[in-house]
Amino acid sequence: MNTRHFSQLPKPYLAYPKIIQGLIAKKPKGEKVLPQVEYVVDSFKVDQKHLKSYNAVCGFKNNGYIPAIYLAVLSQSLQMHMMTSEAFPFPILGLVHIRNQIKQYRKVGVNEQLILSCKFGELQPHDKGVQFDFITTVKVGDEVVVEALTTYLSRQKTDGKAAPKAAETKTPNYEVNAEWDVSENTGRRYAMSSGDFNLIHIHAITAKAFGFKQAIAHGMWSKARALASLTLPDAYEADVWFKLPMYLPSKVQFLTEESGNDTEFLIRNSKSQKPHVSGSIKAL
């Protein structure tokens with residue numbers, strides 16, 4: 001495992017030229033192997049002005065603490081540079097974000113000095129191609145305060161079988177908690193705070209170039225919006241599966257089922273009832 005150290009978080013936009021080059025350059029054929037590398041930002045504090053901008057678009061309160069999902073979003077900058085600077089075996093445009101898991105072991109104050117690291121997980125078969133993880137760890141000194149797992153699907157022809165899925169449990173007895181009007185500019189607003197300017201999120205015109213009838217909301221915005229609407233324990237795990245695209249603008253319902261300190265939630269289209277995001281919060 002090679003480790004690359006950074007004195008500050010690299011800017012996401014610096015990776016974009018290489019992403020565009022990837023549209024032209026073909027990936028070598030043969031066995032797909034993920035780089036054995038870890039990127040580490042050795043010491044940083046969050047930019048509180050930037051955090052407030054993120055909180056505003058996602059619905060979090062400015063309460064002196066950092067939402068764990070915000071730290072996972074910051075790690076996406078490392079992920080982009082890992083995919084563009086290393087021998088990454090898949091085209092970046094076309095990757096599908098299918099799942100995100102976050103564990104917060106305690107609240108993290110906005111003034112704390114942090115260490116942020118990210119590395120690849122293992123390749124796994126998927127019935128539509130192959131999937132892989134980014135593993136993010138946030139520390140204060142030697143103490144792990146947040147861990148995150150981001151799962152992507154690379155669509156391709158495959159003869160392999162998908163990894164076994166967990167047994168289905170009973171359908172939660174959801175109740176409608178709120179209805180949200182998600183505005184057309186949500187993708188652009190979120191991109192300004194997340195650094196994710198993927199064209200499918202920015203405008204209907206650019207989204208159509210990638211086969212979408214309208215721009216779609218970022219999955220991580222949807223998850224953040226859900227978490228911001230709940231009363232979270234000091235230590236928790238938030239696991240989310242991204243389902244169908246949320247077109248912008250949209251009217252959606254936020255549904256929950258609570259059981260003790262645990263919560264199941266769903267975001268679905270108000271008219272069609274089709275699901276966009278399903279997830280769970282479990283106290284640790």
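This is a predicted model: local features need pLDDT of at least 70, side-chain atom pairs count only at pLDDT 80 or more; totals for chains, interfaces and linings use all residues.
Reader: Does Q273 count as buried, partly exposed or exposed, and at what relative accessibility?

Author: Buried means under 20% relative accessible area and exposed means over 50%, with partly exposed in between. Q273 has 36% relative accessibility, so Q273 counts as partly exposed.

Reader: Now to the strands: which residue in β4 is the bridge partner of V41?

Author: Strand β4 (residues 114–120) is mostly covered, with five of its seven residues buried. Strand β2 (residues 37–44) pairs with β4 in the antiparallel sense over five bridges. Within β4, the bridge partner of V41 is L116.

Reader: And which residue in β6 does K119 stand opposite?

Author: Strand β6 (residues 129–140) runs antiparallel to β4, and six bridges join the two. In β6, K119 stands opposite I135.

Reader: How many residues apart in sequence are the parts that the pair of Y54 and Y190 ties together?

Author: By the ring-pair rule, the model has 15 aromatic pairs. One of them is Y54 with Y190, a tilted pair at 6.2 Å centre to centre and 50° between the planes. Y54 lies in helix α2 (residues 48–58) and Y190 in helix α4 (residues 186–194), so the parts tied together are 136 residues apart in sequence.

Reader: Is Y54 buried or exposed, and what is its relative accessible area?

Author: The cut-off for buried is under 20% relative accessible area. Y54 falls below that cut-off and counts as buried, because its relative accessible area is 0%.

Reader: What kind of aromatic pair do W180 and F254 form?

Author: Planes under 30 degrees apart count as stacked. The rings of W180 and F254 are 5.0 Å apart centre to centre, with 20° between the planes, so by that cut-off the pair is stacked.

Reader: Last one: over the ring of which residue does the charged end of K107 sit?

Author: For another case of this kind, the charged end of K213 sits over the ring of Y247, 5.0 Å from its centre. The charged end of K107 is 4.7 Å from the centre of its ring, and that ring belongs to Y65.

Conventions
Residues are numbered from 1 along each chain as its sequence is written. Side-chain values use heavy atoms; hydrogens and water are left out. Buried means under 20% relative accessible area, exposed over 50%, partly exposed in between (1.4 Å probe, protein chains only). Helices (H or I, at least four residues) and strands (E, at least two) are DSSP runs, numbered from the N terminus. Two strands pair if DSSP finds at least two bridges between them. Rings of Phe, Tyr and Trp (its six-membered ring) pair if their centres lie within 6.5 Å; planes under 30 degrees apart count as stacked, over 60 as edge-to-face and the rest as tilted. A charge sits over a ring if NZ of Lys or CZ of Arg is within 6 Å of the ring centre and within 35 degrees of the ring normal.
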